[in-house]
Amino acid sequence: MNFRTRKKIQGRLFLFFTAACAFGCVALVAWIMLTIIQGGHAAISWTFISHAPTQGMTEGGIFPAIVGTFFLVLIMSLVGVPFGTITAIYLNEYVARDSRFAQTVRFAVNTLAGIPAIVFGLFGLGFFVQFMGGGIDNLLHGGALKWGQPNILWASLTMAMLTLPVVIVSVEEAIKQVPRELREASLALGATKWETIRKVVLPNCVGGILTGAILAVSRGAGEVAPILFTGAAYFLPDIPHKLTDQFMELGYHIFIMSTQSTDVEGTMPIQYATTLILLLLTFILNFSAIFLRYRLRRGRFA
Amino acid sequence: MTPPSVEIPSSKIGIWGKPRRRPLEWLIERGIRATAFVCLLLIALIFVFVFREALPIVLGKVKAVEITESVGESETYGEDPAPTASQPKKDLELEAEASDEIIGVKHILGKEWQPVSLKPRFGILPLLLGSLKVTFIALLFAGPMGIFAALYTSTLAPKWGKEFMKPTIEILAGFPSVVVGFFALIVLASIVQNLFGLQYRLNAFVGGLAMAIAVIPVIYTVSEDALAAVPKSFTEASLAVGASKWETALRVILPAATPGIFAAVLLGFGRAFGETMIVLMATGNAAMLSPGFFEPVRTVSATIGAEMAEVVFGDTHYRMLFLLGSILFVISFGLNAVAEFFVRNKLMKKFKGAS
């Protein structure tokens with residue numbers, strides 16, 4: 001075997017190996033999705049979606065979990081998206097983008113994005129449930145336990161903290177795309193800073209805010225660790241009515257049913273179906289975010 | 001983007017000596033600033049609150065400080081098993097603390113209701129070992145796979161291959177960890193058990209494999225960024241002296257991007273170390289100090305997830321769990337900082353002026 005053929009064979013082998021790694025990832029995704037679709041599609045029906053679990057969670061549907069997840073991400077977005085957006089605006093419009101302050105904040109936000117989800121759960125428990133909730137109870141209810149226990153509000157706020165970096169990064173990216181000339185034109189016409197932000201900058205980064213919100217919702221719907229002890233409940237026959245109620249959640253429901261159910265084997269179709277619904281939910285959200293970001297990147301300022 | 005400072009005529013200065021041309025404007029600006037600061041305050045509070053709850057254990061007694069330090073050492077210097085040496089010391093100190101509590105100091109440090117039955121749970125080393133085992137397995141699989149997949153897409157793949165990989169990785173990154181955990185628990189565990197004929201269905205190996213699924217997107221994305229940042233002149237120079245495409249990829253581009261790839265592995269490590277739901281579902285959750293990879297393990301994060309709901313606010317167990325959380329926090333923080341250092345200082349400096 002001469003030098004050239006040996007090199008050629010080595011090259012083929014290397015190409016094959018790296019391609020196998022790449023397409024291994026593709027196969028992995030396909031395998032997981034097909035398994036879950038195969039196991040779950042038969043059990044999904046309108047009854048499954050619209051009814052509460054029955055018979056000790058071995059039969060029935062997942063309606064409370066769907067509604068709980070919905071409320072969780074709704075409250076989370078109502079708090080997290082405005083806060084994240086305003087922070088991003090402040091960082092880009094009111095302080096110099098490269099100032100030491102802005103750099104520090106960006107470092108903090110990056111750090112926040114890297115903290116494990118379970119640590120947010122601890123923070124939620126220590127800060128929201130015990131410090132805030134306990135404080136409210138002491139002030140208003142004379143120490144009677146009302147707010148100082150896990151509930152949907154504290155879980156949502158914890159989740160809002162977790163998803164804050166997602167929102168801030170998305171909105172910052174969008175704000176950076178608004179050309180400086182537009183702002184200058186607006187200011188030159190006599191508009192004040194706030195008018196410029198409201199009428200020029202914000203309308204041009206609605207897409208970014210929306211992308212951030214969707215990504216945050218997708219992340220929030222999928223994370224379970226932060227709500228383990230800030231508000232998720234094992235089983236509730238009803239949907240949450242007040243902010244002080246606990247709630248069921250899709251991911252937590254999967255976790256409970258597959259690890260602590262009385263009949264893990266028998267409820268397999270329900271578990272698959274719940275997983276499938278959670279997966280569908282996150283996919284729809286993720287893809288709409290990807291699509292929006294794509295539209296945004298091609299953007300009007302290209 | 002500070003506005004150019006404008007001279008304000010004295011007639012328009014308000015009674016407090018501040019420009020009050022537009023009260024609404026002033027109010028909104030203050031509002032935005034306040035909101036942003038609340039946001040930053042909350043970020044800072046995460047640091048404060050997680051450590052605050054663990055602080056009494058660290059500061060409460062001099063001996064407790066020694067213990068946390070010895071834990072820190074054992075975790076940075078690898079799996080070298082020195083547990084037998086520090087374990088009894090720790091138990092002794094906990095007993096001492098417990099006996100203090102029985103005397104009845106109703107201090108925030110000392111609300112201890114089940115000191116004896118909870119005692120074995122406070123040995124931190126099996127948890128750290130468990131986390132390291134799972135992380136090691138995860139990186140063993142996800143590392144090469146993520147890095148070589150990134151190398152393939154950034155240098156060797158045809159255009160359609162690139163177009164194909166991007167959404168795939170986005171989907172993989174979008175899998176909720178509970179879904180991956182479920183998949184590992186139901187499908188992967190059985191396959192691994194049948195394949196190796198294992199005694200335990202759920203073990204560190206299964207947990208690590210499942211963790212690899214969650215870590216691949218992290219390693220892939222960061223490696224790809226690093227590989228894409230290698231200046232085109234490197235490739236051109238290599239091809240010009242007669243190297244083939246794959247030799248360029250393996251011998252020029254990959255070594256050039258080493259700091260970035262190192263950062264990718266570090267971030268993958270951090271992700272695997274802190275991830276909770278997957279290990280909670282797929283590792284069997286038995287805190288054992290054993291060397292095997294095919295035995296059940298309990299990780300740091302899973303311990304917090306599994307036990308926090310049952311502890312009593314303020315007691316030693318509660319504080320121990322917060323201490324575990326602080327450890328996770330410090331590790332992920334440190335890894336992020338080091339990774340950023342590698343990308344920004346080593347990688348970018350290397351390429352500066354080369355493009």
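## The fold of chain A

Reading along the sequence, chain A runs α-α-β-β-α-α-α-α-α-α-α-α-α, which comes to eleven helices and two strands. Here helices (H or I, at least four residues) and strands (E, at least two) are DSSP runs, numbered from the N terminus. This is a predicted model, in which local features need pLDDT of at least 70 and side-chain atom pairs count only at pLDDT 80 or more, while totals for chains, interfaces and linings use all residues. Residues are numbered from 1 along each chain as its sequence is written, and chains are lettered from A and ligands numbered from 1 in the order in which they are written.

The C-alpha trace of chain A spans about 85 × 65 × 35 Å along its principal axes. Of its 302 residues, 48% count as buried (20 or more other C-beta atoms within 10 Å of a residue's own, with C-beta atoms placed from the backbone; 12 or fewer is exposed, and in between is partly exposed). Take the contacts in chain A (C-beta atoms, placed from the backbone, within 7 Å) between residues at least 6 apart in sequence: 77% of them join residues at least 24 apart.

## Where the chains meet

How many residues does each chain bring to the contact? Chain B brings 70 residues and chain A brings 66. On the side of chain B that touches chain A, helix α1 (residues 23–60) of chain B gives the most, with 16 residues. That side divides into 48 nonpolar, 15 polar and seven charged residues (Ala, Val, Leu, Ile, Met, Phe, Trp, Tyr, Cys and Pro count as nonpolar, Asp, Glu, Lys and Arg as charged, and the others, Gly among them, as polar).

Helix α5 (residues 117–140) of chain A and helix α14 (residues 316–351) of chain B have axes that come within 9 Å and cross at roughly 135 degrees. α5(A) and α14(B) are therefore oblique to each other (under 35 degrees is roughly parallel, over 145 roughly antiparallel, 65 to 115 roughly perpendicular, and the rest oblique).

From α5(A), A:I118, A:V119 and A:L122 meet B:F322, B:G325, B:L328 and B:F329 of α14(B). By class, this contact has six nonpolar residues, one polar and no charged ones.

Leaving aside residues up to four places away in sequence, B:V215 touches B:A138, B:L139, B:A142, B:G268, B:R271 and B:A272.

How values were computed
Axes are lines fitted to C-alpha atoms, for helices over the stretch in contact, and angles run from 0 to 180 degrees between N-to-C directions. Two residues are in contact if their C-beta atoms, placed from the backbone, lie within 7 Å.
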